[in-house]
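The following paragraphs walk through one protein chain, beginning with a single residue and widening to the whole. Please keep the sequence and the model in view while reading.

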Amino acid sequence: MRIWNTTNGSTIIQVLKGRSNSYIIVNERSATLIDTGKKSAFKQLSRNIQSNNINLKDISTLILTHTHYDHCQSAKQIKCISNCSIIVSHSAAKSIKTGYSKLPKGTTLPTKIISGLGEIIGKQKFGYDPFEPDTLVKGVYEFSIGRGKISIIETSGHSPDSISIIVDNEIAIVGDAMFGIFRNSICPPFSDDIPQMVESWGKLLQTNCKLFLPGHGKEINRDRLEKQYFRHQ
Ligand SMILES: [Zn+2]
């Protein structure tokens, strides 16, 4: 499992990879989980968290980068176990009540077809257990974790409810605002609004972050993000 450290003493541990990434931020004795992956990955997620000597009950906060099923299907279960506070975008308020967030549009012909099929299958396959949020982010939301500082900003485009988590102004966890799978592009294969997503990349470049951890695939460095941002201008 990959681990990153910030100068403020925050440690980011990747606790799920493969289909979707999840990360846990630890500073002093506080643990904040970012995304939960799919329900089918719950056992793996809990095993990975526990293998880092963190008890699921000790998770104080769960932040969802957005509420597509592959990022939030275990949110309800984790809240039941840990009684953590859940932080999501204000744009997710309606969908989390019903337990279904519309799939994003495809950005290529094959993914457009998949997205269309997804619409038909809908909630049955791409739904999740509805849950109650504790904080709805609009604009910027900041809090401390031990000696570390978390700042959450809205980075919509992939979905209206996409947010990014800036850890100590050094590393950003960006959900599906970027994709770390392809060699030549950081564009996700599904996105509701590409120009808005590129604008969000600009927002992320305004931070001092040097590293961007996506919801799928590997970390993206600042240099690569800058190049992709200017290519889309
Ligand atoms: Zn997504």
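Start at Trp-201, which lies in helix H7 (residues 194–205). Helices here are DSSP runs of H or I with at least four residues, strands are runs of E with at least two, and both are numbered from the N terminus. This is a predicted model, in which local features need pLDDT of at least 70 and side-chain atom pairs count only at pLDDT 80 or more, while totals for chains, interfaces and linings use all residues. Residues are numbered from 1 along each chain as its sequence is written.

Is Trp-201 buried or exposed? Trp-201 counts as buried because it has 23 C-beta neighbours inside 10 Å. The cut-offs are 20 or more other C-beta atoms within 10 Å of a residue's own for buried, 12 or fewer for exposed, and partly exposed in between, with C-beta atoms placed from the backbone. Leaving aside residues up to four places away in sequence, Trp-201 touches Leu-225, Gln-228 and Tyr-229; a contact means that the C-beta atoms of two residues, placed from the backbone, lie within 7 Å. Gln-50, by comparison, is 151 residues from Trp-201 in sequence and 33 Å from it in space, C-alpha to C-alpha.

Now turn to the strands. Strands of a sheet pair through backbone hydrogen bonds, either parallel or antiparallel. Two strands are taken as paired if DSSP finds at least two bridges between them.

E8 runs antiparallel to strand E9 (residues 148–154), with six bridges between them; Ile-145 has Gly-148 in E9 as its bridge partner.

Taken as a whole, the protein chain has eight helices and 13 strands. Of its 233 residues, 43% count as buried.
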